[in-house]
Amino acid sequence: MACFGTDSLAGSTLTLDEGMRRCVAFGIPLADAVFAATAAPARAIGRRDLGSLAPGMPADVVLWDDDLVVSYVWQGGSLTEPA
């Protein structure tokens, strides 16, 4: 049985957008869900250059609609094909 602190990795087949929808539907504030999906994992792996929008940071951004369905994605500041 794996547990934290044993160099194991937990995973899921759940997509990030579905995870966001479930968190918010469960009552987690959107800002907290976004932090948990972005800045928290980036910090956990020591990547202070990821997980926030600020000058000098990589411009990887997802735009969700009101139902938290992906509308657009930018990678490195460039718009990808609409979802």
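Glu 18 is partly exposed, at 24% relative accessible area. Partly exposed sits between buried, under 20%, and exposed, over 50% (1.4 Å probe, protein chains only). This is a predicted model, so local features need pLDDT of at least 70, side-chain atom pairs count only at pLDDT 80 or more, and totals for chains, interfaces and linings use all residues. Residues are numbered from 1 along each chain as its sequence is written, and side-chain values use heavy atoms, with hydrogens and water left out.

What does Glu 18 pair with? Arg 21, in a salt bridge, with the closest N and O atoms 2.9 Å apart. A salt bridge here means a side-chain nitrogen of Lys or Arg within 4 Å of a carboxyl oxygen of Asp or Glu. Arg 21 is partly exposed too, at 23%. Glu 18 and Arg 21 are 3 residues apart in helix α1 (residues 16-26), so about one helical turn separates them. Helices are DSSP runs of H or I, at least four residues; strands are runs of E, at least two; both are numbered from the N terminus.

Glu 18 also meets Arg 22 in a salt bridge, 3.0 Å from N to O. Those two are 4 residues apart in α1, again about one helical turn.

Next, another pair. Arg 47 bridges to Asp 49, with the closest N and O atoms 2.6 Å apart. Arg 47 is partly exposed at 35%. Asp 49 is partly exposed at 31%.

How many salt bridges in total? The count is 4.
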